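I am opening a notebook page for this chain. The entries record what I looked up, in the order I looked.

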Amino acid sequence: MPSTIAVRISEVTEEATGIRSLRLVAEDGAPLGPYEPGAHVDVVGPTGVLRQYSLCSPPEDPASLLIAVKREPGSRGGSVALHEAAVGDALEIGSPRNLLAVAPDADRHLLVAGGIGITPLLSMAYALHRDGAEFSLLYFARSRAEAAFADLLEEEFGDRVHLHLGLSPEEQPAVLGASGTGLSARSHVYTCGPAPFMDQVGAVLGDVVGADHVHTESFVAAEIDTEGGTAFTVELDSGEEFEVPADRSILSVLSDNGIDVFSSCEEGICGSCVSGVLDGVPDHRDNCLSVADRAANDRMALCVSRAKTARLTIELY
Ligand code: FES
């Protein structure tokens, strides 16, 4: 992480089953906000593990930042450590970054959250409400007990919030389809949650507003696993070969060898570095490719994904 801000946990709240929020204040008392609605921060937890979390406090509040952490069963220390952290504990964070910006020219905004995916959409709802924009928020969760911020959402945004609890994936398209009433080609949809959920939102509502008006944010749904790699060989379609050590990414190895690959987040989120796979089997560790893309194994994010085979042949886009 390029530069970090020393923060301290000032408040811990159990928001739902397995989800707690942490309020963060700067060690030196300096303001941490405002930030752009939809933004996230890198957080280095008590065990030194770096994870990304969406910000979910009101974006214009300079005094503190709020993150919500879901305890992930397979966590290597990121979410579990933050579930054991207490008021007064010190953490390091990066500066807020945004990959899910509000479209300024939209006639209407529809926010669609699946589970813990509510977090970036909560900050967007604060901003849309503040600005008097036309918006609705659909929130799908297994139960009210597992729906973080449900009470707050209803108190803050009233009948703009529509909670859908306990629906199966097969039941969700009908609800999504009905929510498209009133949307136009000038409307924008923002969704965050598990990849299959977001795929479904895009499939149903992309027909109404246009695929380029459906904005997705996937990284909060899973921790990016960059650990446990082994070395492998990457061959470019030009014939050049490079060894990728266990602790380096393909992107960084190519960059060190003077090969420019378009990249931005370097966290498997934005999709900028996605390239073709001509041979070998990638070990997908990103949160930007769809389930179908991953299954096809013909594309991969070079910043985080690795190889299941001893060699990979890739085609740079
Ligand atoms: S640089 Fe963003 S996914 Fe790789």
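**Entry 1: a loop salt bridge**

I began with Glu 134, which is partly exposed at a relative accessible area of 41%. My cut-offs are under 20% relative accessible area for buried and over 50% for exposed, with partly exposed in between (1.4 Å probe, protein chains only). The model is predicted: local features need pLDDT of at least 70, side-chain atom pairs count only at pLDDT 80 or more, and totals for chains, interfaces and linings use all residues. Residues are numbered from 1 along each chain as its sequence is written, and side-chain values use heavy atoms, with hydrogens and water left out.

I then looked for the partner of Glu 134 and found a salt bridge with Arg 108, the closest N and O atoms being 2.7 Å apart. I count a salt bridge when a side-chain nitrogen of Lys or Arg is within 4 Å of a carboxyl oxygen of Asp or Glu. Arg 108 lies in the loop between strand 6 (90-93) and strand 7, and Glu 134 in the loop between helix 2 (118-130) and strand 8, so the pair ties together parts that are 26 residues apart in sequence. Helices (H or I, at least four residues) and strands (E, at least two) are DSSP runs numbered from the N terminus. Arg 108 is also partly exposed, at 22% relative accessibility.

**Entry 2: other salt bridges**

I searched the whole structure and got 15 salt bridges. One of them joins the side chains of Arg 130 and Asp 131, at 2.9 Å from N to O. Which residues are linked with this pair in a network of salt bridges? The network consists of Glu 60, Arg 130 and Asp 131. Arg 130 is partly exposed at 44% relative accessibility, and Asp 131 is exposed at 53%.

I also noted Arg 248 with Asp 256, whose side chains meet at 2.6 Å, N to O. Here Arg 248 is partly exposed at 27% relative accessibility, while Asp 256 is exposed with a relative accessible area of 57%.

I traced an open sheet of five strands in the order 9-8-7-10-11, with parallel pairing. I take two strands as paired if DSSP finds at least two bridges between them. Strand 9 (161-165) and strand 11 (214-217) are the edge strands, each pairing on one side only. From one strand to the next the twist averages 15°; axes are lines fitted to C-alpha atoms, for helices over the stretch in contact, and angles run from 0 to 180 degrees between N-to-C directions.

Ala 141 stands opposite Leu 165 in strand 9.

Helix 4 (residues 172-179) packs on this sheet, touching strand 7 (109-114), strand 8 and strand 9, and its direction makes about 175° with that of strand 8. Contact here means heavy atoms within 4.5 Å. Helix 5 (residues 195-209) lies across strand 7, strand 8, strand 10 (188-192) and strand 11, running at about 175° to strand 10.

I found another open sheet of five strands, in the order 13-12-18-14-16, with mixed pairing. Its edge strands, each pairing on one side only, are strand 13 (241-244) and strand 16 (299-301). The twist averages 40° from one strand to the next.

Strand 12 (residues 232-236) and strand 18 (residues 311-315) pair in the parallel sense over four bridges. Glu 235 has Thr 313 in strand 18 as its bridge partner.

**Entry 3: a hairpin**

I looked at strand 3 (residues 40-44) and strand 4, which pair in the antiparallel sense over five bridges. The bridge partner of Val 44 in strand 4 is Leu 50. Five residues lie between the two strands of this hairpin, and Gly 48 takes a positive phi near 85°. Is strand 4 (residues 50-54) largely enclosed or exposed? Four of its five residues are buried, so strand 4 is largely enclosed by the rest of the structure.

**Entry 4: domains and confidence**

I noted the division into domain 1 (5-93), domain 2 (109-221) and domain 3 (232-315); the bounds come from an automatic or database domain assignment. The C-alpha centres of domain 1 and domain 3 lie 30 Å apart.

The average pLDDT of the chain is 89, and 93% of the residues score at least 70. pLDDT is the predictor's confidence in each residue, from 0 to 100. Over residues 220-224 pLDDT stays under 50, and the model has 23 contacts beyond four places in sequence for them.
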